[in-house]
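User: I'd like to learn how to read aromatic rings in a protein model. Can you walk me through it?

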Amino acid sequence: VTGFAMILFTCMIGQLATQVNASHCMLDYINTYFAVFTFYTAMAIEFSGLMHVSYFIQKCVGWAAGKPIQSNEPPMSALQASFFWFRVVLSAAVLGFSLAVTLEGLFTGNTTMWDGVPNAVAVILFFLLMSVVGLLEGMQIAFFAVAKLKKSERGRAPFALKTCELLFRGDGHNLPGFMIGRQLCVVSCFFIIARVTSLNVEPGNGNNIFGVSDAAQTFFNMGFLGAVITTILGSITWQLVASAFPLAFLSNPLVYVFLRICLFLEATGIASGAWVLAAVHKRVAGFQRDEVYIGTAEEREAKDLGDQKEEAHPLAKLPGFTTMPEALAKLMSQDPSVKEFVRSMSANNIDVGDLNLQNEEQV
């Protein structure tokens, strides 16, 4: 009971409320100094190279599929390439060592896995749950990659089309709904994986893994090695592959199956508190949907404002307002002439007070 309550608490308070808002309000959500701080912190961790073997796995998947990974960055110099591959080798060594220690603990029964579970079953459960988590992580990235695409650009594969039709049906409610169900699955899997990968060897009794020192065994027991494995093999690698091949990823029938499972979990209402927290957060922060600023993919194409162009979209926040009133945003979605009028005001930086004064003079 305590573990289940912790799963719900962790999901709703620490993750789901923000994910629900970010799924439709990406631009407003990243428009904070904390988002910038988080980005640079993540880049600093990436620079360490501890997870760089994920890039190598991504490249291998691309080569195997006959579609090498394309990058918008300039070619690396000899020094940059050497530094990159050094970190890949270092990361691979860390991952290999972490796997060796964890599997040794699993096969010898020296983990915190529940009593009565055979060691072979624990190993199978470990890799099975890692695959489920990885699939869900990749689904999240692939869904966001196609969220702003036109329907005609979402491929022709049957399951990709079925997945997108279900995900973006109506007002797009199923996208944040998936985020809720997905997070329940991921957190539940991670709680079990943590028990599977956490070593339980008492230092000083002569049973240390690979005969390491007591200090090293104490470090192993902290669970950092399991965290390295789950981060690389159960998260980052799947995300990188999904970001490179989102449509191919969505063509997997398992993606559609797990989307249905996640939506079912959300429909049970077990984590519906996240919707309330998200609504409060959205109102306080003044978040608005991305379409208010950039329009839909079809609208951008109609106005020749494709995603590759660097010109600013004229649909911005109105002068004189910190955020666009919700009633006006709704009216814009219903009446194209109102939307065009607001765009012209924003583009010409017309102040609302000046507009009211002009109307009074005309009267």
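Analyst: Let's go through ring pairs, then charges over rings. Keep in mind that this is a predicted model.

User: How many aromatic pairs are there?

Analyst: The count comes to 13 aromatic pairs.

User: What kind of pair do Phe39 and Tyr40 make?

Analyst: The general idea is to look at the angle between the planes: over 60 degrees counts as edge-to-face. The planes of Phe39 and Tyr40 are at 70°, with the ring centres 5.4 Å apart, so this pair is edge-to-face.

User: And is Tyr40 buried or exposed?

Analyst: Exposed means over 50% relative accessible area. Tyr40 has 56%, so Tyr40 is exposed.

User: What about Phe219 and Phe220?

Analyst: That aromatic pair is tilted, with 55° between the planes and 6.5 Å centre to centre. For burial, the cut-off is under 20% relative accessible area. Phe220 has 6% relative accessibility, so Phe220 counts as buried, whereas Phe219, with a relative accessible area of 39%, is partly exposed.

User: Which residues do ring pairs link into a cluster?

Analyst: Have a look at Tyr55, Phe56, Phe84 and Trp85: ring pairs link them into a cluster.

User: Where does the charged end of Arg87 sit?

Analyst: Here you check whether a charge lies over a ring. The charged end of Arg87 sits over the ring of Phe47, 5.3 Å from the ring's centre. There's also Lys162, which lies over the face of Tyr256 at 4.7 Å from the ring centre.

Key. Residues numbered from 1 in each chain as written. Predicted model: local features only at pLDDT ≥ 70, side-chain atom pairs only at ≥ 80, totals over all residues. Heavy atoms only, no water. Phe/Tyr/Trp six-rings, centres within 6.5 Å; stacked < 30°, edge-to-face > 60°. Buried < 20%, exposed > 50% of the residue type's maximum accessible area, 1.4 Å probe, protein only. Lys NZ or Arg CZ within 6 Å of the ring centre and 35° of its normal.
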